[in-house]
Amino acid sequence: MRARYGVPLSLTAVGAAGVAYAAGFEVRSFRLRRVTVPVLPRGMRPLRVLQVSDIHMVRGQRKKQRWLQSLAGLRPDFVINTGDNLSDPEGVPEALDALGPLMEFPGAYVFGSNDYYGPKLRNPARYLIEKVQGRHGLNGNAPAVGVVHNPWEELRDAFDAAGWVGLSNTRGRLKLEGVDIALTGLDDPHIKRDRYAEVAGGPESGADLSLAVVHAPYLRSLDAFTADGYPLVLAGHTHGGQLCIPFYGALVTNCDIDTNRVKGLSTHTAGGNTSYLHVSAGCGTNRYTPVRFACPPEATLLTLTAKA
């Protein structure tokens, strides 16, 4: 009897320990990723950009709030928020409280699907099934029915009041000390709200730097931005895979980008051009799957430097 049940019991114990670690420790083990991206004109001073993404705020997440507030101590030149701030229709006050100190800096934002709609309970295995079948979000699945609508307008109004630039299918500018930055953004491709035709045309003349911003890094958006000549695209959405295998990496990306670029800095080539791409693994999770494994929650401080 002992030999028959010893292995299954040991595997169960290991699995339980892994779940306890993923849900009890790593999901709250916030990290700061630091990367350097050579995209500025020669002679231009370096710029420090703080990217926050996929906060998925739920009421009561005090540690996450305090950590996000502490990022203001980095004193970035500007902030980019790549969406999915909510995972609770009543989480707007906590999200704004967490981002309050960062809203003292110049910034810009796009929204993700979870800003617009509340999350639904779903089997995590469906992400693997959808990957195999080539279905992601509304890009291959039936439209969502009976979803909860989040009060995203409250987020928008607070961001706008702080001077942050909304970039949902539009362009905007940030004017820093002696630096003019042009920004082009898309609404979330994951739920087919992206309208690239409305912002097509490439970087703006006269700006010192042009950046592209989108929540979900779907290939159609990356192709369009890169073909138009943007030197850097910022995105989120993937959670870095969220549940990863040590020494292997992510199994899914929840969009059509490959797992090798699920988080961090990489490149993308389209239309004869190559752009840098940074995908944030984000600092939150869907409220119904509050676990991370081999993929700590993060924000990123990007230092933009002159081209070689």
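Surface patches are built from residues with over 30% relative accessible area and no salt bridge, like charges being joined within 9 Å and nonpolar side chains (Val, Leu, Ile, Met, Phe, Trp, Tyr) within 5 Å. The model is predicted: local features need pLDDT of at least 70, side-chain atom pairs count only at pLDDT 80 or more, and totals for chains, interfaces and linings use all residues. Residues are numbered from 1 along each chain as its sequence is written, and side-chain values use heavy atoms, with hydrogens and water left out.

**Surface patches**

A patch of positive charge on the surface gathers Arg28, Arg62, Lys63 and Arg66. Lys and Arg count as positive and Asp and Glu as negative, while His and the chain ends are not counted. The place of a charge is taken as NZ of Lys, CZ of Arg, CG of Asp or CD of Glu. Arg28 sits in the loop between α1 (2-24) and β1 (31-40); helices (H or I, at least four residues) and strands (E, at least two) are DSSP runs, numbered from the N terminus. With a relative accessible area of 40%, Arg28 is partly exposed. Buried stands for under 20% relative accessible area, exposed for over 50%, and partly exposed for values in between (1.4 Å probe, protein chains only).

Leu128, Ile245, Tyr248 and Leu251 make a nonpolar surface patch of about 390 Å². Accessible areas come from the Shrake-Rupley method with a 1.4 Å probe, and for residues only the protein chains shown count as cover. Ile245 is placed in the loop between β9 (232-235) and β10 (264-270) and is partly exposed, at a relative accessible area of 40%.

**Salt bridges**

The whole structure holds 14 salt bridges, each a side-chain nitrogen of Lys or Arg within 4 Å of a carboxyl oxygen of Asp or Glu.

| Salt bridge | Closest N and O atoms |
|---|---|
| Glu298 and Arg33 | 2.9 Å |
| Arg287 and Asp88 | 3.7 Å |
| Arg173 and Asp180 | 2.6 Å |

In the salt bridge of Glu298 with Arg33, distant parts of the chain are linked: Glu298 belongs to strand β12 (residues 298-306) and Arg33 to strand β1, 265 residues apart. Glu298 is buried, at a relative accessible area of 5%, whereas Arg33 is partly exposed, at 25%.

Arg287 pairs with Asp88. Arg287 lies in the loop between β11 (273-279) and β12, and Asp88 in the loop between β3 (78-81) and α3 (92-99), so this pair ties together parts that are 199 residues apart in sequence. Arg287 is partly exposed, with 34% relative accessibility, and Asp88 is buried, with a relative accessible area of 3%.

The bridge between Arg173 and Asp180 falls within a network of salt bridges that links Arg171, Arg173, Lys175, Asp180 and Glu204. Here Arg173 is partly exposed at 30% relative accessibility, and Asp180 is buried at a relative accessible area of 11%.

**Cysteines**

A disulfide is a covalent bond between the sulfur atoms of two cysteines. The criterion is a pair of cysteine sulfur atoms within 2.5 Å, and a search of the whole structure finds 0 disulfides. Cys255 is in no disulfide, the nearest cysteine sulfur being that of Cys295, 13 Å away. Cys255 is buried, at 3% relative accessibility. For Cys295, the closest cysteine sulfur is in Cys244, at 4.3 Å, which is too far for a bond. Cys295 is also buried, with a relative accessible area of 0%.
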